[in-house]
Amino acid sequence: MSTTERIRTIIVDDEELARKMLLEFLASHPEVDVVAECANGFEAVKAVTELKPDLLFLDIQMPKLDGFEVLELIGTDRAVVFVTAYDEYALRAFEIHAVDYLLKPFPADRFETALQRAKQRLGGKLPPPADLATSARPPAQHLERIVVRDGTRVYVIPVAKLDYAEAQDDYVALATEGKKHLKQQTISSLETALDPQRFLRIHRSYIVNLERVTKIEPYSKDNHVVVLSNGSQLPVSRSGYARLRAFLDQKGQRSSR
Amino acid sequence: MHPILGRLRQLGLYLLAWVPLAGILIYLMVRAGESWTTAVAMTVPLCVVYAFLCLAAWYPCRATPVDQSSFLKLALTHFTAAMLLSTLWIQLARALAAGLTRWAGFTGLDTRVTGYLPLIWVAGVLLYVLSVTLHYVVLAEQAAREAQARALEAQVLARDAELKALRAQVNPHFLFNCLHSISALTSADAAKAREMCILLADFLRTTLRVGRQETISLEEELALIRGYLAIEKVRFGARVKMEEQVEDETMKLQLPPLLLQPLVENAIRHGIAHLPEGGVIGLSTHLNHNTVSIVVENTFDPDAPSSLKTGLGLENVRGRLQKRYGNAADVTVNTDNSLFTVRLRVPMQENGDRA
């Protein structure tokens with residue numbers, strides 16, 4: 001094993017004592033360079049984008065962005081060791097090919113094992129990237145906010161503020177409060193993550209927030225458009241129109257009951 | 001099957017009670033001119049058989065409980081049963097007499113028995129009524145015992161639920177994070193690690209102690225909250241700030257234990273923990289016209305995903321207040337921009353005067 005190869009490392013934890021402990025354990029490994037310490041998800045995204053570390057020690061429960069959302073924004077082309085007091089995220093960590101999962105509090109030898117695993121991972125081939133946008137969401141729960149990165153800036157969009165989403169090649173454009181944010185995700189993957197009672201796929205390229213829809217108008221012989229409360233118009237496909245009608249009928253029945 | 005048939009001792013006592021009854025019948029027959037032998041030979045088998053027949057009253061008694069059946073239904077049921085049993089009994093008496101007539105010394109009994117039949121029939125009806133009365137007494141006693149057992153069981157269940165709720169109060173992740181902080185401190189700042197151990201031990205001990213009490217004073221609850229916050233301050237550092245505005249005259253207020261501490265814990269878990277720069281937890285109490293209002297408020301990140309757990313903790317508080325004060329207490333929750341406020345209103349009660 002070559003000791004000349006440096007391992008650029010970032011520690012992310014909102015508790016200072018927890019960061020100190022990792023620093024202390026890492027002190028006996030001169031090949032590890034801790035290039036940044038971050039106290040929240042925003043700082044982590046910024047630091048990872050700028051410093052391109054090889055290894056990340058990542059807490060899960062943090063302010064602003066949780067550990068999974070951080071990974072969703074920065075991708076997994078590095079070794080990740082989760083450090084958390086919660087054991088219920090272990091399965092999701094496994095699904096996104098995390099190197100290890102340290103449960104607080106952990107002994108020094110358990111930490112050493114995690115570091116060894118990280119080194120092996122860095123020496124070998126990285127696993128294929130997982131569908132992070134899907135894994136970052138707890139199963140059987142609908143997405144409550146969408147995270148988007150623009151360079152080192154991070155936007156957190158609560159789904160209630162999302163007007164609609166539009167497919168653009170490999171990206172989706174998220175329209176919210178008069179702005180559009182691009183996110184690398186397929187529109188189908190976004191569709192499955194959103195609550196079907198609040199969002200509807202009205203077109204191959206469009207998902208609409210149903211609360212924003214003010215009216216549906218005929219456009220041509222077979223086509224319709226929906227008009228949103230902010231005035232924007234979105235095309236509705238034939239199957240999309242059927243889905244929209246079905247939803248409105250169902251809602252009408254429920255409210256008339 | 002009748003329950004008495006399974007218990008030999010009780011069955012023995014029951015049959016013993018029939019001895020004087022048989023004696024009376026024998027005496028009546030001797031008075032009517034029968035020999036002692038004849039009277040005994042007739043009465044003893046008849047009484048033994050009827051003793052068992054009367055146990056059959058258990059079935060109509062169970063089918064028509066006194067407190068749930070109309071008088072008409074009761075009268076009709078037992079009248080029919082009495083008729084049937086007495087008629088069966090006199091038929092048996094006749095058959096017995098016919099059998100005994102063949103033996104020397106009993107000649108003519110089969111014709112003489114006709115004179116006793118009305119007596120036997122009336123005795124049969126009276127004995128059945130007696131049996132019914134006894135059965136109702138036994139059934140009532142049994143029901144009372146069952147009700148007592150059920151009440152006891154309900155009490156145990158309630159206590160059990162209380163204990164479980166209490167155990168859930170101390171959030172395991174709070175403990176894990178604390179232990180991790182202590183573990184981090186041991187090499188960096190051993191004195192601080194020791195201090196944290198003591199804070200944690202004090203908090204847990206107090207939680208267990210007050211958890212066993214029905215009520216504690218607001219002063220005690222506040223002391224517990226301060227102990228809890230001292231621990232969270234080691235973890236979160238300057239991110240946790242506490243502002244207290246408590247009136248002295250509210251300090252003696254008696255409250256169910258661990259009512260406010262979970263609210264403060266929620267304020268940290270769902271409020272402060274999501275704010276990178278931290279935030280403020282406000283706690284104030286105010287006495288007004290014999291009602292104490294307690295307000296716990298905290299800043300929070302409006303963009304953070306709303307958690308279902310907050311609601312659960314509040315439901316628990318609401319349920320406990322409702323159970324103790326009924327409609328005299330209430331809980332209101334207010335979310336305003338980035339301030340989350342829980343306001344409790346409870347009647348001022350000091351030690352000893354429970355309304």
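Begin by selecting helix α2 (residues 36–55) and helix α4 (residues 71–101) of chain B, which pack at an angle of about 150 degrees with their axes 10 Å apart. Helices are DSSP runs of H or I with at least four residues, strands are runs of E with at least two, and both are numbered from the N terminus. Axes are lines fitted to C-alpha atoms, for helices over the stretch in contact, and angles run from 0 to 180 degrees between N-to-C directions. This is a predicted model, in which local features need pLDDT of at least 70 and side-chain atom pairs count only at pLDDT 80 or more, while totals for chains, interfaces and linings use all residues. Residues are numbered from 1 along each chain as its sequence is written, and chains are lettered from A and ligands numbered from 1 in the order in which they are written.

Since angles over 145 degrees count as roughly antiparallel, α2(B) and α4(B) are therefore roughly antiparallel to each other. The crossing of α2(B) past α4(B) is right-handed (the near helix is turned clockwise from the far one by less than a right angle).

Next, display the side chains between these helices. Contact requires C-beta atoms, placed from the backbone, to lie within 7 Å. The residues of this contact comprise 14 nonpolar, no polar and no charged (Ala, Val, Leu, Ile, Met, Phe, Trp, Tyr, Cys and Pro count as nonpolar, Asp, Glu, Lys and Arg as charged, and the others, Gly among them, as polar).

Now move to the sheet of chain B. Its five strands form an open sheet in the order β2-β4-β5-β7-β6, with mixed pairing (two strands pair if DSSP finds at least two bridges between them). At the edges, β2 (240–245) and β6 (330–336) of chain B each pair on one side only. From one strand to the next, the twist averages 15 degrees.

Within the sheet, select β4 (residues 279–288) and β5 (residues 291–299) of chain B: these strands run antiparallel and are joined by eight bridges. Helix α9 (residues 261–271) of chain B packs on the sheet, where α9 touches β2, β4, β5 and β7 (339–347) of chain B.

Finally, colour by chain. Contacts link 20 residues of chain A with 21 residues of chain B. On the chain A side, α1(A) gives the most, with six residues. By class, that side has 10 nonpolar, two polar and eight charged residues.

Technical notes:
Contact = placed C-beta atoms within 7 Å. Parallel < 35°, antiparallel > 145°, perpendicular 65-115°, else oblique.
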